[in-house]
Amino acid sequence: MPDPGQTRVYAIGAQRGFADVLASGLLSRFGKDPLALARVTLLIPNHRAGRAITEALVRHAADGLLLPRMALIGDLDLDESLGALLDPLGEGEAIPPAVDPLERRFRLAAIIAREGAGRPGAHDPAEALRLASEYARVLDQLHIEEKTLDQLDAVDVEADLADHWAQARDLFLRVGRAWAQELIQDGRIDPAERRNRLLDKAADRWRYHPPQSPVIAAGITTSAPAIARLLRSIAHMPQGMVVLPGLDLDMDAPLWEAIGEPVPVTTPGEAPPAERPAVTHPQYHLKQLLHAMSIERAEVEPWQPEPRTGWIADRANLLRSIFLPARLSDRWVTLPAADRRTKGIRIVEAENPDEEAQAIAVLVRQALEVSGRRTAIVTPDRTLAARVIAHLKRWSIEADDSAGEALPVTPPGRFLLAVANCLASDFAPVELLDLLKHPLSQPGEGRLAWLDQARALDMRLRGPRPAQGLAGIDASIRQPELREWWTGAKALLAPIAQFPRDPQPLSQVIAAIIETAQALSQQAVWNGIAGRSASDLVQQLLARAANHDPLVTASQAATILSRLMAEKAVRPPFGKHPRVAIYGLLEARLQSADLVICAGLNEGVWPQIPSPDPWLAPMVRNALGLPPLEMRVGLAAQDLAGALASPEVVLTRARRDGSAPTVASRFLLRLQAVAPDKDMEDTATLALARTLDRRLPKVSIDKPAPRPSRAQRAVKLSVTELDRLRADPFAFYAKRILGLRSLDPVDAEPSAAWRGSLVHEILELWHKEDGLDPAALVPRANLFLVRANVHPLIKALWRPRLVAGLEWVVQQTFDLAESGRTMLDAERSGSILVDGVKISGKADRIDRMPDGTLVIVDYKTGKPPSAAQVQTGFALQLGLLGLMAERGGFAEDAELPPITGTARGFEYWSLVRHKDSETGFGYIDSPVLQGRKRSGLPAEDVVPTSESFLREALADWILGDAPFEAKLVPDHALYTEYDQLMRLAEWYGRQDGRTGGTR
């Protein structure tokens, strides 16, 4: 048995590239014998580390070599398991198998739903699964730190905990004990517990029966007890070695002591230690690991001699100075110049994230000009990484992104979610069209014909949402060709169309989604890497759900599928650039490159704000002896220190994120405080990035004022269009001459025009078919709403307002009838010729007064025009309808009794809420100047004034050659659908200080 006091622990400083220095040391120790290196077993933390070490060995080897055997410790944060060396098949004492993580999540969700009955979220399967995921993470942490539920139960903090934390801990314990019983019955254990047992088994085996070949643990920094025991066993083996990354052996004793010892366990009421350890220091977790291994720093030796001069020595001194604990920050005042040198470090501070990404892309492009130069971009900000990837594609550079692409943003992932959302929304227009237009819907030769019909359906679904389900879509389709296509499309959607609306087992919902996706995509949804990844996920989901198949609604199933997909990344195995890599903080550990770009150095991004534990309060975690959440800041600091090991490093940040200013990372602020060197500011790269996408010279445009030909101006006019023509001639030109009509959005809110059309049709039929029967109007309105192909929610919200307004119309109609006023007709169409131009219109209602004069009534579902608008000629409808009545415009239809007479009454009947209405809705407003009104026109002047404005407009724009000027009278140009066409924002308010006027 080896001497227990003999240890072989080595360190490689953070200022040096770990993989390269490790490879150099391995070759110097084992490179003389071609087979010696092949006999070495390297114990490494994860797959990425193995790849980095392999590449480093290849770079440093003069000739061909046989690589060492590499065994994984496995990083739970990267969802990796132990390698075959530590988890052999069928050897030694049997260790129960681990439960599958996805199965565990479903079973934990069932227990949470059962034990937490009555608590928020417990009844929702999607939320229960989310809580189960968080529960599993905390449970694994307890296993890793070798804490038990009994120890948690023994923590006496009830008096100091808030009620919600106490309830959460109580539920955690109940769920944990129920889960432990299920595991005993199954003969399985949690993955983290199995990992601990395997590590202890290996440690015991190697302690008493050490291997005959070298075993080297390299790059492992976690201080979990089981891993620490294994590393200690390796360190005491005759041919064992432990190589720690980033440990500072040159740090002076006072500074090492100032970092502090591991966080002491304190119980509530106990006074905290006088000085808490510096848990955010990058050396803290390494000191904790040495403590767990029972090894002093003095026993650790450098893997290779550390340079005492040059940029490597300067970088070591700088790192030591940047991360001084707070209690020793006064050293900054007396730091020598040697500890402030920043050669090889540049800082880019962009104005916004897009500029930052552009600058990073420029740096990468410049680096690739040098043959063999490798570039690594390290950032925890996935949005920034996506921006960089997009900018690099300008030069056809496909960066090797270690995070891959989230499954939900890949075509197969989006397609599956589109099917799920279509089912969840019961075929709402937006979700249905999103599915039908997806690239995977009917790929192949029939794709173009499919898209033509899908776009035709899009046009039919513009406006308010139709009734629920496929029945509402059916009622929206009238064209035979589109209906024939829709019949075939419905057959493909049958698995989800015929699926019950009440909660069903999750496996059945997923199966229906899969069947529909396969039918709609002709199996193409499973093609490619992303398709295979999606297939694996849904098959695992179906298999694991057999143990716990919760009843879920379609919406809950879509949420569950979306969350599970978001956890799965798709990583192409090849085809990326070999010299450009993008890493997250975990993946970047132990990596090296010639140029390292640390991006997103803002507070809350790097370091990230530690996420709170949803199950255990900070007080409970501390009393239990779990690592503090703030340790993650120290790990982020260590990641930055490792990135600074490159000879050339660029640190980037954006001063603003969206519309809000950002705060620079504490690490960057410390660097700038230690070394306030203006030479670090890389303004040249920013200037180049800005020049690359420089804005074109600003071109000022004039207000558009087209002059179409006389033939193009020859259009028929409606009485409702004159207002637009006089206030905004360009909008009239775009609509009537160019024929550009705006489309309603899909699934739009009911517009004023839609509501008005419905009210007008109801009142027209009430007059023509019901004979103004007061008892028939509301039932007719209800019948219209029942038959209307709109969503039930729209009907439910609008029906009370509509009924109250119509009851007011009935009341007014019969009150006026008692005074001798007679309703002649409703929705009466007419036309007249004015200066050779046909003017048409429709009167909502025409009444005759006892003296024989006419009253023109216009129904409004909103606020009516003001009297001032009528007076100034920007609300001509009533006056022109009166002109039409006086000129016999309503007497042309031989099948209808003629309506002629002098128009002296002009009224708007508005159905909006009004305080004086007995039903709460409805009032009459007139533009006629009468009583105390200060604006308006005398009744006898309404028609002549409207005719004058009409002839003036005809003479200028229809019969003349006046330009159709945009926003001629802005105060009355209320419609905005053509503002983009007229490029309003580019000229409005900049025309020599003029913002428009009145004509």
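## Close-up views of the predicted model

**View 1. Strands 4 and 5 side by side.** Strand 4 (residues 215-218) and strand 5 (residues 240-245) run parallel and are joined by four bridges. Here I216 stands opposite M241 in strand 5. Strands pair if DSSP finds at least two bridges between them. Strands (E, at least two residues) and helices (H or I, at least four) are DSSP runs, numbered from the N terminus. A note for every view: this is a predicted model, where local features need pLDDT of at least 70, side-chain atom pairs count only at pLDDT 80 or more, and totals for chains, interfaces and linings use all residues. Residues are numbered from 1 along each chain as its sequence is written, and side-chain values use heavy atoms, with hydrogens and water left out.

View 2. Six strands make up an open sheet with parallel pairing, in the order 3-2-4-5-1-6. At its edges are strand 3 (69-72) and strand 6 (301-302), each pairing on one side only.

**View 3. Strand 24 and its two partners.** Strand 24 (residues 854-860) has six of its seven residues buried, so it is largely enclosed by the rest of the structure. Buried means under 20% relative accessible area, exposed means over 50%, and partly exposed is in between (1.4 Å probe, protein chains only). Strand 23 (residues 837-848) pairs with strand 24 in the antiparallel sense over four bridges, and D847 stands opposite V855 in strand 24. Their hairpin has five residues between the strands, and G852 takes a positive phi near 90° there. Strand 24 also runs parallel to strand 25 (residues 903-913), with seven bridges joining them. In that pairing, Y859 stands opposite W909 in strand 25.

**View 4. F323 meets F667.** Rings of Phe, Tyr and Trp (its six-membered ring) pair if their centres lie within 6.5 Å; planes under 30 degrees apart count as stacked, over 60 as edge-to-face and the rest as tilted. By this rule the count comes to 13 aromatic pairs. In one of them, the F323 and F667 rings have centres 5.8 Å apart and planes at 70°, so the pair is edge-to-face. The pair links distant parts of the chain, 344 residues apart: F323 is in the loop between helix 12 (310-322) and strand 7 (345-350), and F667 is in helix 27 (residues 666-674). F323 counts as buried at 6% relative accessibility, and F667 counts as buried at 4%.

View 5. Y733 and F964 form a tilted aromatic pair, 5.8 Å centre to centre with 35° between the planes. Y733 lies in helix 31 (residues 729-737) and F964 in the loop between helix 37 (939-958) and helix 38 (984-987), so the pair ties together parts that are 231 residues apart in sequence. Both Y733 and F964 are buried. Together with F730 and F732, Y733 and F964 form one aromatic cluster.

**View 6. Arginines over tryptophans.** R297 has its charged end over the ring of W256, 4.4 Å from the ring's centre. R394 lies over the face of W395, 5.9 Å from the ring centre. A charge sits over a ring if NZ of Lys or CZ of Arg is within 6 Å of the ring centre and within 35 degrees of the ring normal.
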